Number of protein chains: 2
Amino acid sequence: MKELLAQRVNPDVSSALAGLFPKDPDPSAVTFAAGSPNEQLFPVKAVQAAFNTAIETQGAHLFQYQSSQGNLALRQKLVARIAKWGQVTTKAENIVLTVGGQQGIELVAKALLDPGDDIAVEVPTYIGALAAFDLYQPHYHAVPLQADGLDLDALEATLKRYPKTKLLYTVPDYHNPTGITMSVAKRQQLVALANRYNVVILEDTPYRDLGYESTPLPAIKSFDTEGRVIFLSSFSKILMPALRTGWLVADGDILQAILKVRLASDLEATGVTHAAINAYMDANDIDQHIAHMTTHYKQQRDAMLRGLAAYFPDGATYTKPAGGFFDWVTLPQGIDADQLMYDVISPQAHVTYVPATNFYPNRDVHNALRLSFSGLAPQTIDSGMHRLGDQLKAAIHAASPVI
Amino acid sequence: MKELLAQRVNPDVSSALAGLFPKDPDPSAVTFAAGSPNEQLFPVKAVQAAFNTAIETQGAHLFQYQSSQGNLALRQKLVARIAKWGQVTTKAENIVLTVGGQQGIELVAKALLDPGDDIAVEVPTYIGALAAFDLYQPHYHAVPLQADGLDLDALEATLKRYPKTKLLYTVPDYHNPTGITMSVAKRQQLVALANRYNVVILEDTPYRDLGYESTPLPAIKSFDTEGRVIFLSSFSKILMPALRTGWLVADGDILQAILKVRLASDLEATGVTHAAINAYMDANDIDQHIAHMTTHYKQQRDAMLRGLAAYFPDGATYTKPAGGFFDWVTLPQGIDADQLMYDVISPQAHVTYVPATNFYPNRDVHNALRLSFSGLAPQTIDSGMHRLGDQLKAAIHAASPVI
């Protein structure tokens, strides 16, 4: 019945998202692939208490149809939070609670994109963003990243060449997949560019609270004077993913369009979990919880950086993330990280990662990979990095010309 | 910034869904508009206990990223449930848990529809389905309802005339907005027609368990031999809406396409509530809860039917629903139910309903309205129907030619 499917669905190409979690039956397998948070850090008791508080306080009405925009008290807390940690001034009526950050991206794509529309994305970029944009069949323009974030000269060249570009997607804080953070100067310049070329910016910030060296930088949204920046964040990484609660800040016509497509998409998110998150934030200092988490994640990050220095071949270069979950490793040209993982490293060394192709809209970069340290204890990271480093050394050696 | 919005979003037309809940500050106002369930019937204590059971049993892992398809144990229960109450044979891997039934409709539209594709819908039909389909810019073909469901001769004429029609949307059980139920014979004939004309059927059944005269009929899906019927239901009406848990059954390429667009849309639904619903069904007989609810809803339905007989003018005809939440009232030609409500009935009598236009893709029927009895006590229904009936009598009298 393939002939009845929409063009946006290519039944012969499986979703890159679906391949993010390769399974290895070996119990000693180490996966650097999944970007899942460390569930040992989840505040289970406090969240259980918060569910009980929410249900006992609000009773039956909590379980009724509620609000397409989401729990008002929680939106008010988010207004205060983004003012404090992102220097963004907004109001509760500008916030929409979404089913994770993923739905936020999809709603923005749905509100803005017609088939063939030009959009600009950082490369490499978040796989799930490409999956969401793919649904709306855009024409992608890839803009490279530099050590301090998006290459703004390359972006401007793209905007000059494709003046109808509607949207730029960026992950400015502890970027997925590279760990790179955009400088404050570039944030400000980026908004000026967007104003000049009439582009909407989708600022996706699921990791912004997870810095291991410093507190969060001002959001790109804080420099927005025309309501063209959509700020998106989530509780998935700072609390728990299965609460499925993301949130976005938008203005004017864009906000109205997002609300309209949201209502048509699923009416509303899960009000019970919104109320539980709100009760959790009433009873607990979430920043204290985040500080507890970052202490652990920093140790994991450090174990990975030690492993990169100790075990990886000279031909491999890598980023040094100041926060978030990810490191990006670039191998010499000619090494295919995809083939290497599936043919050699996963079956022989029982280590997995996500190969670079998945992070590029045209799947045209092969000699790089993403490593996630978020879900693993430091000693597991050390052991996995040792095995992976040995394999990469062997692969690079095998690919080198014999003198 | 309207020029940057997608064509699917018309910023000048507000969503009909958003207007479903007109507010009246008068405390004696009676709203027959909202199709919300009666929250006095919500099993709050049992569901609270179920949340605690789920959290205590599964701990931190419950809050991790889980499964795009949704909780396996719950999907297995739904397999057994639809076998028993719908005579559908399926497997857990064919079930997808969605964010309410609304997301199920949107995912089907996303998986199947390109702009301009032909789709057939019953008229009148569910407002939210039109909102979801609108996102994918189809060409609608309206097929009238008869007392025993869809007019199959009219459907066949449509399919002959528009042979590329991809999808038929139907609510066969206690239909929203009319309360009509499709006969078993028509269910079987409908599948034969769909086979002949290569059409997918979306069978949307949020009310199928809420019969006041008999147990549910076999699902249309039970007659499906080619995997072209998508069965969709929800816990919103039989348990609680804010759990935001719907579910669908699909096969083959269609299932794969739905899973793909689901992953890209929001990764997964809220696993915590899935586990809570599963724990609720382990600890309670949900059919006993449904029987308790239908006893009350039947009293509410009966109060509305008594009110229709006692207070409504002779010129008004109405359906006699055997289940669900709704009654459909047709007024004489020339009476505009929309104008009447906003200009006269709401401000003067403080009674609201949903005018017919919202249920037609072309908004071209004006002399009818939907009344919902689901959220109101019998005595409130009686009082509201009395006030509404008096207003309709006056309106019909005023519109009649003077002899």
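Visitor: Which residue is the bridge partner of B:Y318 in β11(B)?

Guide: In this predicted model, the bridge partner of B:Y318 in β11(B) is B:V329.

Visitor: What makes β10(B) and β11(B) a pair of strands?

Guide: Pairing requires at least two bridges. β10(B) and β11(B), the latter spanning residues 326-330, are joined by 2 bridges in the antiparallel sense, so they meet that requirement.

Visitor: Why are β10 and β13 of chain B said to stand at the edges?

Guide: The open sheet has 4 strands in the order β10-β11-β14-β13 (chain B), with antiparallel pairing. β10 (317-318) and β13 (354-355) of chain B each have a single partner strand, so one side of each lacks a neighbour in the sheet.

Visitor: Turning to chain A, why is the contact between A:R301 and A:E213 called a salt bridge?

Guide: The limit is 4 Å between a side-chain nitrogen of Lys or Arg and a carboxyl oxygen of Asp or Glu. The closest N and O atoms of A:R301 and A:E213 are 2.8 Å apart, so the pair qualifies.

Visitor: Which elements give two or more residues to the side of domain 1 of chain A that touches domain 2 of chain A?

Guide: They are α9 (286-311) and β11 (326-330) of chain A. α9(A) gives the most, with 7 residues. The residues of that side divide into 18 nonpolar, 8 polar and 5 charged.

Visitor: How much area is buried between domain 1 of chain A and domain 2 of chain A?

Guide: About 2800 Å² is buried, and carbon and sulfur atoms give 70% of it. In domain 1 of chain A, the residues losing the most area to domain 2 of chain A are A:R8, A:F42 and A:P361, together 21% of what that side buries.

Notes: Residues numbered from 1 in each chain as written. Chains lettered and ligands numbered in written order. Predicted model: local features only at pLDDT ≥ 70, side-chain atom pairs only at ≥ 80, totals over all residues. Heavy atoms only, no water. Buried area = accessible area lost by both parts, 1.4 Å probe. Nonpolar A, V, L, I, M, F, W, Y, C, P; charged D, E, K, R; others polar.
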